Amino acid sequence: MTSKGILFVMSGASGVGKGSIHREVLARVPDIKLSISATTRPRRSGEVDGRDYFFISPSEFETKIKNNEFLEYAQVYSNMYGTLKSEVVHTLHSGYDVLLEIDIQGARQVREKMPQGVFIFIQPPSLGALVERIHGRGLDSQQSIQDRLDACHAEMSMARYYDYVVINDRLEDAIKKVEAIIIAERCRVKYY
Ligand code: 5GP
């Protein structure tokens, strides 16, 4: 544990496996805590209020925005999600590291407010190889190639806002890489 914790922000496109990675990383790495987000999304079965999320109503969420209680917030699909400043600040000051697992819009907001954080971009496995494959195959229509390349490019271009990129090709490898990033960051001279 360092005297003041390090903020780690893990983000990436929806469905890229961030959830599976963060759960396993938290189980393996000591002295790091997940920041519990507030959301207006209905609770899924098996989820516990205060453990998985703080499940709140849209009007409660609105009040928290007005009271400036969020470090960041974003609409993801049709629900609101937000990181509570209180969660992050309190944990960092108690010397623990904090992990945020949030969407891309949220990570951008945190980067602006807390640039000292460590930003990890989780990338889906297909993107890197996609360009080569599409060109190599030579079968797709020009439009469909372009659409895919645009999507690929938009995704890749997000990576420049981050400090690290982890390709979630094999889950175990991705977990190990995130673990390694956390351990390496803790060894930085500036924390000693
Ligand atoms: P789910 O509803 O499946 O738990 O999460 C949906 C998406 O919301 C995921 O991409 C997750 O990373 C993102 N998310 C969860 N909490 C937050 C948060 O506090 N802020 C932002 N911006 N996104 C979040």
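Mentor: Thr40 sits in the loop that links β3 (38-39) to β4 (54-55). Strands here are DSSP runs of E, at least two residues long, numbered from the N terminus. This is a predicted model, where local features need pLDDT of at least 70, side-chain atom pairs count only at pLDDT 80 or more, and totals for chains, interfaces and linings use all residues. Residues are numbered from 1 along each chain as its sequence is written, and side-chain values use heavy atoms, with hydrogens and water left out.

Trainee: Is Thr40 buried or exposed?

Mentor: Buried means under 20% relative accessible area, exposed over 50%, partly exposed in between (1.4 Å probe, protein chains only). Thr40 counts as buried because its relative accessibility is 15%.

Trainee: What does the side chain of Thr40 reach?

Mentor: A polar contact is a pair of N or O atoms within 3.5 Å; within protein, one must be able to donate a hydrogen and the other to accept it, and residues adjacent in sequence count only if both atoms are side-chain atoms. Here, the Thr40 side chain reaches the backbone nitrogen of Met80 at 2.9 Å.

Trainee: Which polar atoms lie by an oxygen atom of the ligand?

Mentor: Tyr53 has a polar side-chain atom 2.5 Å from a ligand oxygen. For Gly82, a polar backbone atom is 3.3 Å from a ligand oxygen. Glu101 has a polar side-chain atom 2.5 Å from an oxygen atom of the ligand.

How values were computed: Helices (H or I, at least four residues) and strands (E, at least two) are DSSP runs, numbered from the N terminus.
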